[in-house]
Amino acid sequence: MTAENFLRFCKFSKAKQSRTKILYKDKNEIPLYVIEEVVNKPGDKQYNYYHFDKKFNEYIIRRFIWEEGMLANYLIENRADELQELLDKGHLYSTIERRIHKAERTINRMVEQIANTDTEMLTAKNDNDIKKYRRLKNGLTVSIRNEIYKRMVFI
């Protein structure tokens with residue numbers, strides 16, 4: 001995305017931006033990194049993350065949804081100083097991805113450990129009751145995810 005398009009599409013009033021800037025058309029400074037809140041309709045919030053790629057001299061946009069969006073929202077609402085630091089250093093995207101990846105690995109490992117020892121899940125699996133097994137596993141995953149995210153992601 002060209003700098004012109006970035007300036008046209010990004011809603012700076014709903015965005016947090018880095019203090020690190022680039023010179024645009026030799027007179028205006030524009031931010032290297034921006035996270036913008038986008039609400040398409042009530043209950044449908046997502047975040048656009050823009051960063052300037054110096055190699056190609058253009059902005060790259062990434063959309064944060066689901067877990068990425070939850071963590072971005074958490075940082076915006078509860079950890080503004082940390083968010084600003086991550087934006088200034090250009091580490092927001094990698095930090096979000098690293099935290100989520102680590103949490104998801106932990107969740108998957110815990111679910112598998114419990115699924116291999118829980119009698120009800122083992123019975124459903126041995127009886128070939130796929131629906132029941134999936135339902136139990138999905139419920140377990142949600143429960144574990146809530147706890148892991150509180151302890152590993154939202155810190």
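Lys89 and Glu85 both sit in helix H3 (residues 80–89), four residues apart, about one turn of the helix. Helices (H or I, at least four residues) and strands (E, at least two) are DSSP runs, numbered from the N terminus. The model is predicted: local features need pLDDT of at least 70, side-chain atom pairs count only at pLDDT 80 or more, and totals for chains, interfaces and linings use all residues. Residues are numbered from 1 along each chain as its sequence is written, and side-chain values use heavy atoms, with hydrogens and water left out.

**Salt bridges**

- Side chains of opposite charge can pair when their charged atoms come close.
- The structure holds 11 salt bridges, each a side-chain nitrogen of Lys or Arg within 4 Å of a carboxyl oxygen of Asp or Glu.
- Lys89 and Glu85 form one of them, with the closest N and O atoms 3.2 Å apart.
- Lys89 is exposed, at a relative accessible area of 52%. Glu85 is partly exposed, at 43%. Buried means under 20% relative accessible area, exposed over 50%, partly exposed in between (1.4 Å probe, protein chains only).
- Arg145 bridges to Glu104, and here the closest N and O atoms are 2.8 Å apart. This pair links distant parts of the chain: Arg145 is in helix H6 (residues 130–153), Glu104 is in helix H4 (residues 92–115), and they are 41 residues apart.
- Arg145 is partly exposed, with a relative accessible area of 22%. Glu104 is buried, with 17%.
- Lys45 pairs with Glu37, the closest N and O atoms being 3.8 Å apart. Lys45 is partly exposed at 40% relative accessibility. Glu37 is partly exposed too, with a relative accessible area of 24%.

**Helix H3 and its surroundings**

- Two packed helices are described by the angle between their axes and the distance between the axes.
- The axes of helix H2 (residues 66–78) and H3 come within 6 Å and cross at roughly 115 degrees. Axes are lines fitted to C-alpha atoms, for helices over the stretch in contact, and angles run from 0 to 180 degrees between N-to-C directions.
- From H2, Leu75, Ile76 and Asn78 meet Ala80, Glu82, Leu83 and Leu86 of H3. Contact means heavy atoms within 4.5 Å.
- The residues of this H2 and H3 contact divide into five nonpolar, one polar and one charged. Ala, Val, Leu, Ile, Met, Phe, Trp, Tyr, Cys and Pro count as nonpolar, Asp, Glu, Lys and Arg as charged, and the others, Gly among them, as polar.
- Glu82, Leu83, Gln84, Leu86, Leu87 and Asp88 are the buried residues of H3. They pack against strand E1 (15–17), strand E4 (33–41), E5, H2 and H4.
- Gly90 follows H3, and its phi is positive, near 80 degrees.

**Aromatic rings**

- A pair of aromatic rings is described by the distance of the centres and the angle of the planes.
- Rings of Phe, Tyr and Trp (its six-membered ring) pair if their centres lie within 6.5 Å; planes under 30 degrees apart count as stacked, over 60 as edge-to-face and the rest as tilted.
- By this rule the count comes to seven aromatic pairs.
- Phe6 and Tyr59 are a stacked pair, 3.9 Å centre to centre with 15 degrees between the planes. Phe6 lies in helix H1 (residues 3–9) and Tyr59 in strand E6 (residues 58–64), so the pair ties together parts that are 53 residues apart in sequence. Both Phe6 and Tyr59 are buried.
- The ring centres of Tyr49 and Phe64 are 5.6 Å apart and the planes are at 15 degrees, so this pair is stacked. Tyr49 is in strand E5 (residues 44–53) and Phe64 in strand E6, 15 residues apart. Both Tyr49 and Phe64 are buried.
- Phe6, Phe12, Tyr50, Phe52 and Tyr59 form one aromatic cluster.
- Arg62 lies over the face of Tyr93, at 4.0 Å from the ring centre. A charge sits over a ring if NZ of Lys or CZ of Arg is within 6 Å of the ring centre and within 35 degrees of the ring normal.

**Positive phi outside glycine**

- Asn57 is a residue other than glycine with a positive phi, near 55 degrees. Asn57 is found in the loop between E5 and E6. At 57% relative accessibility, Asn57 is exposed.
- Trp66 is a residue other than glycine with a positive phi, near 50 degrees. Trp66 lies in helix H2. Its relative accessible area is 69%, so Trp66 is exposed.
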